[in-house]
Amino acid sequence: MLLVILTLQQSRGEFQSQFWDSGSNQILNKLWWDTTCSCCSFQLEQCGIKTILATNQCSVADYNIIVFKTFQIKPHYKITLSFNFWRIDQWDNYEFYVYLEYQIVHQSQYSHSTSNSNICGNPGYNDEVYPISITIPHIMPALTVIFTAQRGIWGISDMTLEAKLCPEGCQSCNEYGCFDQYLHFISMNGMLQNSLRTNECWLTNNAIQTTIITYLQSRYLQTQGNHLVNIINLNHHQAISLQIKLLIYNSNPTEIKIAIDDLIVLRNQYTGGWIKYPYGFGYRSIKLISIHQYPHINSQAKITIKIEWTQKEPTWQIFFGIRDFQLFLKSQLFEFTCKDDNLIPFDGCFQQYYDCVDGCSSCIRGLCLDCKQGWDWVENDQNCVPICGDLQITQFEECDDGNNIPYDGCHLCKYSCPLNCEICQFGECLKCKMKYQISLNKKQCQPFCSNGIQINYDIFDKQSNNQLERINICQQRCSIECNLCIDDKCLQCNDGWQLQDNKCHQVCGDGLIAINSIEVCDDGNYNDGDGCYQCQFECIPYCFSCSDQSICLTCIQFFILVNDQCLPKCGDGILITGLEECEDDNDQPYDGCYQCKFSCIQNCDICHLGLCKKCNTGYQFYDHICVILDENLEDIENLFNNTQIQSLEFCGDGILSEKEQCDDLNQLNFDGCSESCQIESSWNCNPSQPSICHPQTKFNLSYLNNTQQIQYVQLSFTNQLIFNNNIENYSTFIYEIQNCTSDQYSFEIIKVYEIQQFNYLDLSYVLEIKFFNSLDSQPILKVSLFGDIIDIHYFQVFKSEQKIALQPPRILSESQIQTAINLKNFNFWILIGLCVCAFIMIILGDFQQFMEILDILQFQSFLKFLNVPFPQNVEIYFESSNFVTIKPLFNKIQLQYIFDNIFTAYHCDGIGKFKYYNINADLLNNIYGLISQIMLIFIIDIFLRYLKRQYYQSHNLLRILNYLSQKKSKIYQKISTLICNLTKTIMQQPLIFNRKFLLYLILANSWDILFKILLFLFSCQEQTIRSLFSYSFSIGYLIFIILTLIQQFRRQNFNLILRVLRNKQHQAILLFKKLIFLMILIGIQDQPITQCILLSVLLFTYLSFINTVEFIYSDAELMNIMCQDVSVMLFTLLSLAFCTEFYRYLTANQYFILGFIQIGLLMIGLTGPLIKCAMRFYKKVQAYIENRKEVQKLNEERQTANPNILTELKY
């Protein structure tokens, strides 16, 4: 890579460059590295024809090696880091990071599948070289560069670090020039400084701090306390500036406070901040602090640095350190003094010092640079004003309801009375005017009627214009089409109107013309072209209105009525394509167009489209006319000048003249070229004759989706483009997110549609915006086009700016993530415990309890398909239920591969959340598990039949048992007893592959089968032989379920015990609940609010029903069911808060707290089944022990009576 400094040059006082050549042998003394891996290497290697610094992360652990170097740089304001990144051998979407000053400046995933060539290393994998260049603003005297990768072999070469320096003699600057200040005091600015200078006196609790530590090649002054104080003597000045680098260890979250003369001038709160290498460096973060020209005139400055921290890891120390402290003085007089003859604060000048105006968050000398959130900048007034309608109350706003609707209690951010309110307070009505009454929310005054019939306020206000009409509306509720109205119900309609649900409807196509409606005809059909269509007369062509099919009353624009026909108006200058050949706005002959038909000019022999191609014999063509051959041309020109001959050029002739921007051979508007031959807005026209116009090509932004930290936006164009380098390098757009700073997000273009050079292409970028922390305000993405892109018509794409609103990001802090992971792991072990219990229950013969546990696991695993954007902590929790599937087992024993070869692999996208989880909705693919279960049972059944047949046909087993029983050894006798009991058990087993068992198996898998059937029915719409089989299976299974439900509730045998009957009916109710639950979950994916409400209502109805009818006789069983279903019901109700309609009202903290509450509910729902299973297991074990004692006692008695063990085998 980069490795030894070969040159260090300064050109014209502008640049400072450091360059590493990959061929140097002294590199290991110049770059530092650290690792926790014993086999990892960091050395020069030859890769192809290039020598690079190669790093081999041979360990399976992630991020176990870093490469870093710290540089000392002259005063500057910008740095650029450029290098070649070598990805070598196997990379399975591993991440590579570059940090500058501990901040991520490059993060990307790399894969060996994206390259087609091998450069070095393992020939089985392809390698690739990526040039990377990074530019950031930077002012600190030292810079630390860090490289780290997730895993794999990688290398770096040809690295250049370039700094944009301040002008000669300038000690601080920006891109606009040198700051008017000088460096007065420095502390800890040397890379190898081992002790403090005499004037570097930093105190903690009034004790001088002297401990120096080394971190990333830099020395820091360390303190174990939470603050450092330094009192610095100053020269005469008007302002001070500070720069400092802070190292903070084992704290998250962290707040930094900087105080000058005990007045806090800066707060910086953040979480995380460490690099992806926790092994050697622990949880350490670095922050750069800069305060520019703070007004100050005292002879001393007390600088206080205080850290409010939260210990990240209890076993590790917590401390902080500083370096690169610089204090600048501004000495120019009167720079910060002002005079406005008042003592009013927040007007730009207070007590003869500049300050910020009200609502301003950052200003210089009274001039506001940026407004606070909820304020907007007014250019004319040079002031910040509150934004009315943003749901934030600022300054003099009394209220803010997010709209400007009058009479709703808050209008223009001032409390207002509702309409018809006499007395109100704070936007709520206390007393309405006469004939009005207060609504329940006190936001409206609604009319009340003398007949007791209440009218809807909105209808009342829109349809009434005076008091008389209001009384009529209040008394009569039927429409005017009603002929007989009694008790606000219409009983008879006027002629032509149809009475439906006590309302009158006009029905077009019923053969009746509804009086006082828009119908003018009704021929009883919907046929076009028969004279009456959609109950309106079909007029002759170009007729605007007609009395019947043949009589036109008025023609459309540019047409006149001639003999009951609408013909184009010739001579109006408007060309009607297809009906007129030309239009020259006159009726003169021999001018090329006469009576809207092309004609020849005078003395022309041959013409085409009104243009003369050849004059008659003895004439010559001059300036669009034919003149006599010997006639003086000068006289002809004079004729033109004297306007005796009019010009034949006109707009719409297809010939582009000087005053015309375009001419498309017509005088129509809205086709790109207007009636006056000017290019219309948002159109482009080429200079050909006639002109050809096309809509301007623009780019659009459309929101795709979001996944926790990352949001996706598509950038597309309205037309095809022509390939160029700007398109290939994505360098033609500027991306910016408003309402947040650049260090809170990162951009990446993750997808570009395939392009072919020199071909037309439909181009579309997908922008990946990754946020690093939560935001309560809504971020706005702004994209500006500044490069040159050419569209398919060879016009430049319109340079514009587009904005689109993004979702407020909701991102977990490190501590919240760890809490969610701990809960996920705890829930994982609960699920493992349930699975172990289920396995034990099936061994003990309690198959029903086994199926109940599987139902519970599947029930909760389906909840992640609620189509709401769950918080990240809930998503993490749902990962614990991923093992509730046999698909990994299928893949392990390659059953999936075998079935795919038999039935042909096929994928059908699911809908809504199922598509998000990439669930295959194909039914045949999803019932491989059921087919496997049937096949396994069939094999076991065949095996049992074989064993029974062998037992009855062979006497060898009896001989062996007889031989063992005659031995006096107790071991032999126990072996013979064990074989005997096992043989008896096998012989007593009935044949399992029968109709009754198959039906039980299908019902036991009802959750799974119903889920896959309904997913297929709602998602897959293709008509193939495969889908025909799937539809047949689905319909058959649903019919089977319905018949099963009917059978359980039809008239039963009176001899059946009530408890047994209720148990069967309860199982049928559970089956019905499963069916409805899955229908709502899958079928209403596009309506998440309805989905959540219906699921909650379903569970509430089920719980109420089983409590009312008393299907459950055991209190313990009832409590178990309540524990499961109440937790799920509350979970679905809380999920409403994550719907789009309510999401924006939650802060990030509330959002995640609700998520943790949901996690707690689901975990509570699992504790009931776990306790129940443990109790049943205890009872089973207790009964088994008692049974074993009785059997042992019985066997001893039998042994005493008959020592021959063969008697045990007689049946």
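Modeller: Accessible areas here come from the Shrake-Rupley method with a 1.4 Å probe. The model is predicted, and its chain exposes about 65,900 Å². Carbon and sulfur atoms supply 54% of that area.

Biologist: What share of the residues of the chain counts as buried?

Modeller: Of the 1211 residues, 42% do. The term applies to a residue under 20% relative accessible area. The chain has 23 helices and 65 strands.

Biologist: Why is Glu101 called buried?

Modeller: Its relative accessible area is 4%, and the cut-off is under 20%, so Glu101 is buried. Glu101 is found in the loop between S8 and strand S9 (103-111). Its phi is near 55°, a positive value in a residue other than glycine.

Biologist: Why does Asn93 count as partly exposed?

Modeller: Asn93 has 45% relative accessibility; buried needs under 20% and exposed over 50%, so the residue falls in between. Asn93 is found in strand S8 (residues 92-100). This residue, too, is not a glycine, yet has a positive phi, of about 55°.

Biologist: Which residues have the most contacts inside the largest nonpolar core?

Modeller: Phe1077 and Leu1078, in a core of 71 residues. Nonpolar side chains tend to be buried together in soluble globular proteins.

Biologist: With neighbours within four places in sequence left aside, which residues is Phe1077 in contact with?

Modeller: Phe859, Phe862, Leu863, Trp1007, Leu1095 and Leu1098. Contact means heavy atoms within 4.5 Å, so each of these residues has a heavy atom within that distance of one in Phe1077.

Biologist: How do you know that S60 and strand S64 pair?

Modeller: Pairing takes at least two bridges, and 6 join S60 to S64 (residues 780-785), so they pair. The two strands run antiparallel, and Phe733 stands opposite Leu785 in S64.

Biologist: What shows that the side chains along S60 alternate?

Modeller: In S60 (residues 733-738), Phe733, Tyr735 and Ile737 point to one face and are buried.

Biologist: Which residues does the cis peptide bond join?

Modeller: Asn252 and Pro253, with omega about 0°. Pro253 lies in strand S22 (residues 251-260).

How values were computed: Residues numbered from 1 in each chain as written. Predicted model: local features only at pLDDT ≥ 70, side-chain atom pairs only at ≥ 80, totals over all residues. Heavy atoms only, no water. Core = buried A, V, L, I, M, F, W, Y, C linked by side-chain atoms within 4.5 Å. Buried < 20%, exposed > 50% of the residue type's maximum accessible area, 1.4 Å probe, protein only. Helix = DSSP H or I, 4+ residues; strand = E, 2+ residues; numbered from the N terminus.
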